[in-house]
Amino acid sequence: MRIRHSLALILAVTALVTGCGEKATPRAWAPDDALQRADESLGKGAGEGRVTMRGTGFLAAGLEKTLETGGERPYRFDIACDSEEETHVTLVLSREGGPGDRSFDVACTAGEPTRLNLPVGAPVTAHIEPKPQDDSPPVGVVSWQLLTLEPEAVQGCADALAGCAG
């Protein structure tokens, strides 16, 4: 009989520790966890190329980065967002001397990153408007990487800036 009481006690403690009880509270969004989730989503499929640039930041600061896209191989810009308050952000890409800006929606959920192919050429500017917030903790993160690809590894639209029929 003592074994059953001990087992019941162990199960009750385990339920409390793991949050399986009735009074379990949802886990709060944490910036460190969000950065880890965004980085993990970037890692999926990154084996197709070599990372040449990488960065992370908070949505409150936005993003303003010049991507060097010279050389002999095409590029892919991967970006992931994770937020408890924002459902998406707008990424604007523009190439020096190019025809203009092009906007892309980036989902702010733990899932697949947005992947955009860029041909070799003049530098490309990646921009996300800062998300103003009060003095509260950050409400979202963005993680990105620029990869070089073998020409045969380019999938989908070969030039996100020019766009593709589709």
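**Figure 1. Burial and overall make-up of the chain.** In this predicted model, 34% of the 166 residues of the chain count as buried. The accessible surface of the chain comes to about 10,100 Å², and 54% of that surface belongs to carbon and sulfur atoms. The secondary structure consists of 2 helices and 8 strands, which follow one another along the sequence in the pattern α-α-β-β-β-β-β-β-β-β. Among the contacts in the chain with a separation of 6 or more, 80% are made by residues 24 or more positions apart.

**Figure 2. The open sheet with the strand order β1-β8-β3-β6.** This sheet has 4 strands with antiparallel pairing. The strands β1 (49–58) and β6 stand at its edges, and each has a single partner strand, so one side of each is left without a neighbour in the sheet. From one strand to the next, the twist averages 15 degrees. Within the sheet, β3 and β8 are joined in the antiparallel sense over 9 bridges, and Cys-81 stands opposite Val-142 in β8. Helix α2 (residues 31–43) lies across β1, β3, β6 and β8, and runs at about 25 degrees to β8.

**Figure 3. The open sheet with the strand order β2-β7-β4-β5.** Here too the sheet is described as open, with 4 strands and antiparallel pairing. Its edge strands are β2 and β5 (101–107), each of which pairs on one side only. The twist in this sheet averages 20 degrees from one strand to the next. The antiparallel strands β2 and β7 are joined by 5 bridges, and Thr-66 stands opposite Thr-125 in β7.

**Figure 4. The aromatic pair of Phe-77 and Trp-144.** The structure holds 1 aromatic pair. The rings of Phe-77 and Trp-144 form this pair in a tilted arrangement, with 5.9 Å from centre to centre and 35 degrees between the planes. The pair links distant parts of the chain, since Phe-77 belongs to strand β3 (residues 75–83) and Trp-144 to strand β8 (residues 140–149), 67 residues apart. Both Phe-77 and Trp-144 are buried.

Figure 5. Side chains of opposite charge can pair when their charged atoms come close, and the structure holds 5 salt bridges. In the one formed by Asp-78 with Arg-115, the closest N and O atoms are 2.5 Å apart. This pair links distant parts of the chain, with Asp-78 in strand β3 and Arg-115 in strand β6 (residues 114–118), 37 residues apart. Asp-78 counts as buried because its relative accessibility is 0%, whereas Arg-115 is partly exposed, with a relative accessible area of 27%.

**Figure 6. The salt bridge between Lys-131 and Glu-86.** The side chains of Lys-131 and Glu-86 meet in a salt bridge at 3.8 Å, N to O. Lys-131 lies in the loop between β7 (124–128) and β8, and Glu-86 in the loop between β3 and β4 (88–95), so the pair ties together parts of the chain that are 45 residues apart in sequence. Lys-131 is partly exposed, with a relative accessible area of 24%, and Glu-86 also counts as partly exposed, at 25% relative accessibility. Elsewhere in the structure, salt bridges that share partners join Arg-76, Asp-78 and Arg-115 into one network.

Figure 7. Arg-73 forms a salt bridge with Glu-150, in which the closest N and O atoms are 3.0 Å apart. Because Arg-73 lies in the loop between β2 (63–67) and β3, and Glu-150 in the segment after β8, the pair ties together parts that are 77 residues apart in sequence. Arg-73 is partly exposed, with a relative accessible area of 41%, and Glu-150 counts as partly exposed at 33% relative accessibility. Thr-148, found in strand β8, counts as buried because its relative accessibility is 8%, which is under the 20% limit for burial. Leaving aside neighbours within four places in sequence, Thr-148 is in contact with Gly-49, Arg-50, Thr-52, Arg-73, Pro-74 and Tyr-75.

Terms used: Residues numbered from 1 in each chain as written. Predicted model: local features only at pLDDT ≥ 70, side-chain atom pairs only at ≥ 80, totals over all residues. Heavy atoms only, no water. Buried < 20%, exposed > 50% of the residue type's maximum accessible area, 1.4 Å probe, protein only. Contact = heavy atoms within 4.5 Å. Areas by Shrake-Rupley, 256 points an atom, 1.4 Å probe, with all protein chains shown as cover. Phe/Tyr/Trp six-rings, centres within 6.5 Å; stacked < 30°, edge-to-face > 60°. Salt bridge = Lys/Arg side-chain N within 4 Å of Asp/Glu carboxyl O. Pairing = 2+ DSSP bridges. Axes fitted to C-alpha atoms, helices over the stretch in contact; angles between N-to-C directions.
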